[in-house]
Amino acid sequence: MKHPENDDSFKGLKVNGGIEQPTSLNPYLNSMRLRRAARLTADDYVNGILRGDVNILSRAVTLVESRRPEDATLAHEVVERCLPHSGNSLRIGITGVPGAGKSTSIDSFGTHILSERGGKLAVLAVDPSSERSKGSILGDKTRMERLSLNPDAFIRPSASAGSLGGVARKTRETIILCEAAGYDTIFVETVGVGQSETAVYSMVDFFLLIQIAGAGDELQGIKRGIMEMADGIVINKADGDNIAEARRAATHYRNALQLFPMPESGRRPQVLTYSGFYDKGIKEVWDMIYDYVDFVKANGAFESRRRQQAKYWMYESINEQLYSRFYNTPGMEELIAECEKNLYENKITSFAAAAKLMKHFSGE
C-alpha cells in the first residue's frame, strides 16, 4: 500500500501531537463512591422521611427493595418506626391494558389534583422486568412530564421483578414510607392487566381500571376477575373521532356490570369516559373517586377493607420471609446446583429433588 505521507516532498511538514485527551472516567468518581458508602442509621432514615427529605425517602425505598439479607433488618426497623405516621393518604391503584395510557392519565390526574386541592402526590410506577436479563427501562417519568417537574410530586419507578400482578415486591412498605413523608395521595401504577391483579387491589383504597375503545378488544376487556375488583372504570382517549366509540364501550361495560353481584363496598362501579392527553373529563373522574371514598367511609367498608389488606399482607410477608430464608440457607446454593445436575441426568425426579432441598432447609 502506498503511503503519500512518506514522500520526500512532505519532509518539511510537521505534525503536531494535539492536546492531551482527558480521561473518560469522572475525576470525582472516588469521592462520590465514598459519599455513597456512608451507611445511614435507622434514625437518619426515619428523621429524614418525617421531615419530607426526598433524597432520604428515595434511599429508604431502595433499602426496602433490596434483596440483600444484611439490609432486611434495617429496612424492617425503618418501616416499623414509620408505621405510626402512615395511613392518612388516599391510595389509588391504576391498571389497564398495555397502551391504555396509564402513565399519561396519571400525569393528568396528578396535575389536576395538586392544582385543585394541593397536598403532595406520590406515584409508585412499576415497570416490567425482562424475563431474560431481569432488567427494566424504568421510563415512566418520560411519560409524566408535568409531574416530573412538580416539587410536590414524588415519582418512584420500580422493576416488577416477576412479582404478582406487576406490583413491585415491596410496594406496600413503600406506601408506608411515602405516607410518613407527608404524601396524602398515592398512585400505584401496575404494568398492565395480567393473570391476577390481587396484589394491587390488596394495597389500595380505590382500584381504577383504564380501558380504551376502538381497539377491537371490548369483549376481551370484560374479564370477570378484573371487573369484579374494579371500583371504577374509565374509557380513555375519548377525543376526536373516537368519542362515539368510547361512549359505546362505556355502555357495554355498564351493561356487563349489571350482571355481576354487588361488591362488598355496597356501591356498583361507575363507568366514565375521558381524555388523558387533552385533559378532558379529569374532574369527573376525581369526583367519582371522592364520591366512592365518602360512601365507603360512611358505611364502614373503607376501614374493613384496610383491615383485610393488613391480614393479606401478613401472610404475604410470611411467604416472602420463607422464600428468602430458603435461598439464603447455608449450603443451599451448592445443593440446588447438585439437584439440577441430577435432574438433567435423570438421576432424580423433580419431587425427590424438592424434598431433598426442603429437608436441608428444615435441618433434618
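Which residues in H4 meet which residues in H7? Val78, Val79 and Cys82 of H4 are in contact with Glu173, Ile176, Leu177 and Ala180 of H7. This is a predicted model. The protein has 15 helices and seven strands, and 42% of its 364 residues count as buried. Among contacts with a separation of 6 or more, 74% join residues 24 or more positions apart.

**Helices H4 and H7**

- In the contact between H4 and H7, six residues are nonpolar, none is polar and one is charged.
- Helix H4 covers residues 69-82 and helix H7 covers residues 171-180; their axes come within 9 Å.
- The two axes cross at roughly 50 degrees, and H4 and H7 are therefore oblique to each other.
- The crossing of H4 past H7 is left-handed.

**Helices H5 and H12**

- Helix H5 (residues 102-117) packs with helix H12 (residues 282-299), with the axes 10 Å apart.
- The angle between H5 and H12 is about 75 degrees, so the pair counts as roughly perpendicular.
- On the H5 side, the residues that meet H12 are Ser108, Phe109, His112, Ile113 and Arg117.
- On the H12 side, they are Ile282, Lys283, Val285, Trp286 and Tyr290.
- By class, this contact of H5 with H12 contains six nonpolar, two polar and two charged residues.

**Helices H14 and H15**

- Helix H14 (residues 332-344) and helix H15 (residues 350-362) have axes 10 Å apart, at an angle of about 165 degrees.
- H14 and H15 are therefore roughly antiparallel to each other, because an angle over 145 degrees counts as such.
- H14 and H15 form a right-handed crossing.
- H14 contributes Met332, Leu335, Ile336, Glu338, Cys339 and Leu343 to the contact.
- H15 contributes Ser350, Ala353, Lys356, Leu357, His360 and Phe361.
- The residues in the contact of H14 with H15 divide into eight nonpolar, two polar and two charged.

**Nonpolar cores**

- The largest nonpolar core holds 50 residues.
- Within this core, the residues that touch the most other members are Ile49, Leu57, Val78, Leu177, Met227 and Ile235.
- Leu57 touches Ile49, Phe154, Leu177, Cys178, Ala181 and Tyr183, when residues up to four places away in sequence are not counted.
- Another core, of 35 residues, lies apart from the largest one; its members include Leu90, Leu114, Leu147 and Val234.

**Two single residues**

- Thr185 lies in strand E4, which covers residues 185-189.
- Thr185 has a relative accessible area of 7% and is therefore buried, as the cut-off for buried is under 20%.
- Leaving aside neighbours within four places in sequence, Thr185 is in contact with Ser89, Leu90, Lys120, Leu121, Ala122 and Trp286.
- Of these, Leu90 is a member of the core of 35 residues, and Trp286 is one of the H12 residues that meet H5.
- Ser304 is part of helix H13, which covers residues 301-327.
- The relative accessibility of Ser304 is 31%, so Ser304 counts as partly exposed.
- Ser304 and Ser265 are 39 residues apart along the chain, and their C-alpha atoms are separated by 9.3 Å.

How values were computed: Residues are numbered from 1 along each chain as its sequence is written. This is a predicted model: local features need pLDDT of at least 70, side-chain atom pairs count only at pLDDT 80 or more; totals for chains, interfaces and linings use all residues. Side-chain values use heavy atoms; hydrogens and water are left out. Axes are lines fitted to C-alpha atoms, for helices over the stretch in contact, and angles run from 0 to 180 degrees between N-to-C directions. Helices (H or I, at least four residues) and strands (E, at least two) are DSSP runs, numbered from the N terminus. Angles under 35 degrees count as roughly parallel, over 145 as roughly antiparallel, 65 to 115 as roughly perpendicular and the rest as oblique. A crossing is left-handed if the near helix is turned anticlockwise from the far one by less than a right angle, and right-handed if clockwise. Contact means heavy atoms within 4.5 Å. Ala, Val, Leu, Ile, Met, Phe, Trp, Tyr, Cys and Pro count as nonpolar, Asp, Glu, Lys and Arg as charged, and the others, Gly among them, as polar. A nonpolar core is a set of buried Ala, Val, Leu, Ile, Met, Phe, Trp, Tyr and Cys residues joined through side-chain atoms within 4.5 Å. Buried means under 20% relative accessible area, exposed over 50%, partly exposed in between (1.4 Å probe, protein chains only).
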